[in-house]
Amino acid sequence: MARTLLAALAFAAAALAAAAPPMYDESADARAQIAAALGDASRAGVPVLVVFGANWCGDCKALDTAFEAGASAPLIAKSFKVVKVNVGRFDRNVDLAASYGVPLRKGIPAVAVLSQRGKVLYATAGGELADARAMGDRGIYDFFAKVAAQPR
């Protein structure tokens with residue numbers, strides 16, 4: 001009986017995961033998304049937060065969950081226009097990350113904060129978010145609270 005229940009729960013969890021939309025749009029034009037976000041950011045008076053990650057990445061999922069429902073969610077929504085950029089298996093948008101000073105070899109997720117004119121205000125240079133699961137909701141919040149408080 002217990003095995004049947006566990007199997008049913010595992011199947012249900014797998015079905016929910018399969019039904020959820022991917023965090024990173026694998027067919028998106030990242031440059032066009034960033035350009036659109038810069039326009040939105042200019043109107044809203046906030047910087048753009050570019051998040052580099054991939055759908056297979058557990059730490060990217062942890063960060064995305066924190067942005068959507070964690071303590072960080074209100075802070076992120078108030079402080080930034082967010083663009084999620086898919087890096088695939090480190091074979092997509094790598095040049096874009098490098099152009100913002102984000103070394104993907106240090107791990108993902110990784111971020112760049114852009115002014116409303118597209119100037120890099122901050123970039124994770126040392127894999128600061130690559131262990132987002134271990135950081136937990138509070139650690140992610142503390143990290144972005146510091147980033148949001150930086151001069152623009």
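**Salt bridges and their residues**

Mentor: In this predicted model, the side chains of D142 and R138 meet in a salt bridge, at 3.3 Å from N to O.

Trainee: Why are D142 and R138 said to be separated by about one helical turn?
Mentor: Because D142 and R138 lie four residues apart in helix α6, their separation is about one helical turn.

Trainee: What makes R138 exposed or buried?
Mentor: The relative accessible area of R138 is 56%, and exposed means over 50%, so R138 counts as exposed. D142, by contrast, has a relative accessible area of 33%, which lies between the limits of 20% and 50% and is therefore called partly exposed.

Trainee: Why is the meeting of K84 and E68 called a salt bridge?
Mentor: The side chains of K84 and E68 meet at 3.9 Å from N to O, and the cut-off is within 4 Å, so the pair qualifies as a salt bridge. This pair links distant parts of the chain, with K84 in strand β2 and E68 in helix α3, 16 residues apart.

Trainee: And what makes D64 buried or exposed?
Mentor: D64 has a relative accessible area of 14%, and buried means under 20%, so D64 is buried.

Definitions and conventions: Residues are numbered from 1 along each chain as its sequence is written. This is a predicted model: local features need pLDDT of at least 70, side-chain atom pairs count only at pLDDT 80 or more; totals for chains, interfaces and linings use all residues. Side-chain values use heavy atoms; hydrogens and water are left out. Buried means under 20% relative accessible area, exposed over 50%, partly exposed in between (1.4 Å probe, protein chains only). Helices (H or I, at least four residues) and strands (E, at least two) are DSSP runs, numbered from the N terminus.
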